[in-house]
Amino acid sequence: MGTGLIARYIHTYLVAGGFSFDEVGVHDLVAGHARGFCDYLERAGAGKVRVCDTAEELIRSYDLVVFATVAGEPHVTDPAWLAHDPLVLHVSLRDLSPEIILSAWNVVDDVEHCMKAGTSPHLAEQLTGHRDFVAGTLYDVLTGALRPPADRPVIFSPFGLGVLDLAVAKHVYDTVRDARELATVPDFFHELTRYG
């Protein structure tokens, strides 16, 4: 859901990481954006691509659902839409109602970081008064300390790039520049148009 640059780069990353897809579904509130993203996916060799008319159609149809929207508050509210137990990459963080969060198995990148700013997990915490609905962190999954279940929706909600990340990046940049070891990569983000 959502078809901007973030959705495009998530797809690029997944493919580079070895994922392949029998079919890719696309939904955006702006039909032209959905069609443009489909055109991009087809040019990128994504295989079968389908525009879904509604969020419900998209969510109910796929085992992997990526939210990359600009939603400021939950717009997906019915836990039944996830009855088929998909893996949800909730990158935009504010799409899902507390009821959906509470019905799923949840993983975050950092619990403290994710429980603020009106994110869907934060709203679930405010509703319940606890954080027991968070199974753990991505680190726990990657190290094998946690294993996602196959019989529940699994939602990964990463808070994403933060100010601390920018501060660390600035420190590294300044240190490398001051040591005269800075190398630039021309056209690192060589393609910034929405659909390439």
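With which residue does arginine 35 form a salt bridge, and how far apart are the closest N and O atoms? The partner is aspartate 39, and the closest N and O atoms lie 3.1 Å apart. A salt bridge is here a side-chain nitrogen of Lys or Arg within 4 Å of a carboxyl oxygen of Asp or Glu. Side chains of opposite charge can pair when their charged atoms come close.

The structure is a predicted model, in which local features need pLDDT of at least 70 and side-chain atom pairs count only at pLDDT 80 or more, whereas totals for chains, interfaces and linings use all residues. Residues are numbered from 1 along each chain as its sequence is written, and side-chain values use heavy atoms, with hydrogens and water left out.

Arginine 35 and aspartate 39 both belong to helix α2 (residues 31-43), where four residues, about one turn of the helix, separate them. Helices are DSSP runs (H or I, at least four residues), numbered from the N terminus. Arginine 35 also meets glutamate 42 in a salt bridge, at 3.5 Å from N to O. Arginine 35 is partly exposed at 38%, as are aspartate 39 at 32% and glutamate 42 at 41%.

A further salt bridge joins the side chains of arginine 177 and aspartate 174 (3.2 Å, N to O). Both residues lie in helix α8 (residues 163-178), three residues apart, about one turn of the helix. Arginine 177 is partly exposed, with a relative accessibility of 37%, but aspartate 174 is buried, at 18%. Elsewhere, a network of salt bridges links Glu23, Lys48, Arg50 and Glu57.

Helix α2 also packs with helix α1 (residues 5-16), at an angle of about 25° and with the axes 11 Å apart. Axes are lines fitted to C-alpha atoms, for helices over the stretch in contact, and angles run from 0 to 180 degrees between N-to-C directions. Because angles under 35 degrees count as roughly parallel, α1 and α2 are roughly parallel to each other. The contact (heavy atoms within 4.5 Å) involves Ala7, Arg8, His11 and Thr12 of α1, together with Phe37, Tyr40 and Leu41 of α2.

Terms used
Helix = DSSP H or I, 4+ residues; strand = E, 2+ residues; numbered from the N terminus. Buried < 20%, exposed > 50% of the residue type's maximum accessible area, 1.4 Å probe, protein only. Parallel < 35°, antiparallel > 145°, perpendicular 65-115°, else oblique.
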